[in-house]
Amino acid sequence: MRTVYVNGQYLPENEATVSIFDRGFLMADGVYEVTSVLGGKLIDFEGHSVRLERSLRELDMRNPISKEDLLEVHRELVRVNEIDEGLIYLQVTRGSDGDRDFAFPDPETTEPTIVLFTQNKPGLADSPAAKKGAKIISIEDIRWGRRDIKTVQLLYPSMGKMMAKKAGCDDAWMVQDGMVTEGTSNNAYIVKGNKIITRHLGTEILHGITRAAVLRFAAEAQMEIEERSFSIEEAQEADEAFTTSASAFVMPVVEIDGVALGDGVPGKVALRLREIYLDEMRKVAV
Ligand code: PMP
């Protein structure tokens with residue numbers, strides 16, 4: 001049984017509870033982060049903790065924990081749950097004042113709720129899925145307009161994954177005004193020659209922590225980067241495509257809406273970036 005963390009306490013998972021009035025439950029009034037663990041160490045903890053602070057600030061939500069304590073909780077959960085490869089899920093909600101109301105409760109008297117738990121994922125880095133590459137469908141992006149805030153409103157992305165599954169595919173890319181925004185739980189890229197193309201940052205997409213690191217490594221490896229939007233049609237004609245996320249790192253894409261990309265196998269650039277990302281991030285893991 002896992003040990004989880006809830007509001008300052010380490011508890012067995014079956015003893016951890018949150019109020020039925022919690023605004024995370026009633027209103028999806030919460031934010032989250034997912035940090036991967038490789039070799040028992042945290043990948044890019046700094047990036048995730050900075051984004052958490054930003055998400056909270058954008059929603060006028062109080063941060064219930066200091067960065068130092070948050071790191072300590074992450075490390076303790078990795079230790080007690082003996083995680084070598086896996087994920088740490090963190091969620092902060094606006095808490096509960098014991099009733100339901102659209103208006104926010106008084107932040108002076110309502111403590112945010114904080115929950116962390118581990119997910120054991122042996123073989124996360126040496127993933128068979130990454131060797132095969134992902135098949136993608138496109139779907140309309142009908143999410144709200146502040147996708148740069150990492151909220152727990154994940155119903156539509158969940159539906160997108162189900163639509164992909166039903167179509168015999170692995171994931172979906174979302175499209176708004178004819179242009180790809182991002183994947184259901186990752187940022188989207190295409191490659192043309194030596195050029196990596198990915199949507200520019202804005203409120204339409206999550207500012208991926210993995211995106212930032214991968215673009216930095218790509219620039220260091222003298223690859224050309226263009227931050228602009230692209231269409232599904234342009235992606236289908238690209239040499240290769242891939243996605244990035246903290247939980248899947250760099251994932252090659254081999255097919256979009258039934259059209260195979262290049263040779264229909266994971267591309268060189270995606271595989272190289274995956275290798276560089278894993279090597280470099282392991283070196284600085286905490
Ligand atoms: N976009 C969306 C919609 C996501 O859910 C995620 C993963 N949480 C990402 C992008 C990738 O972000 P990160 O690299 O920080 O995991």
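**View 1. The largest cavity of the predicted model and the residues that line it.** A search of the whole structure finds two cavities of 30 Å³ or more, and the largest cavity holds about 50 Å³ of space. Its lining is made up of Arg-23, Leu-26 and Met-27, together with Asp-97, Asp-99, Arg-100, Asp-101, Ala-103 and Pro-105. Sorted by class, the residues lining the largest cavity include five that are charged and four that are nonpolar, while no polar residue takes part.

**View 2. The second largest cavity, with lining residues from α2 and α3.** About 30 Å³ of space lies in the second largest cavity, which is lined by Ser-49, Leu-52, Glu-53, Asn-63, Ile-65, Ser-66, Lys-67 and Leu-70. Helices α2 (45-58) and α3 (67-80) each supply at least two residues of this lining, and the largest share, three residues, comes from α2. By class, the lining of the second largest cavity has three nonpolar, three polar and two charged residues.

**View 3. The crossing of helix α6 with helix α8.** The axes of α6 (residues 209-220) and α8 (residues 268-283) come within 10 Å and cross at roughly 105°. Because angles of 65 to 115 degrees count as roughly perpendicular, α6 is roughly perpendicular to α8. On the α6 side the contact is made by Thr-210, Ala-213, Val-214, Phe-217 and Ala-218, and on the α8 side by Leu-273, Ile-276, Tyr-277, Glu-280 and Met-281. The residues of this contact between α6 and α8 divide into eight nonpolar, one polar and one charged.

Note on methods:
Residues are numbered from 1 along each chain as its sequence is written. This is a predicted model: local features need pLDDT of at least 70, side-chain atom pairs count only at pLDDT 80 or more; totals for chains, interfaces and linings use all residues. Side-chain values use heavy atoms; hydrogens and water are left out. On a 1 Å grid over the protein atoms alone, a cavity is a set of points where a 1.4 Å probe fits but cannot get out, and a pocket is an open set with protein on both sides within 12 Å along at least five of seven lines; lining residues have an atom within 4 Å of a point. Grid points are joined across faces, edges and corners, and a volume is the space filled by probe spheres set on the points. Ala, Val, Leu, Ile, Met, Phe, Trp, Tyr, Cys and Pro count as nonpolar, Asp, Glu, Lys and Arg as charged, and the others, Gly among them, as polar. Helices (H or I, at least four residues) and strands (E, at least two) are DSSP runs, numbered from the N terminus. Axes are lines fitted to C-alpha atoms, for helices over the stretch in contact, and angles run from 0 to 180 degrees between N-to-C directions. Angles under 35 degrees count as roughly parallel, over 145 as roughly antiparallel, 65 to 115 as roughly perpendicular and the rest as oblique. Contact means heavy atoms within 4.5 Å.
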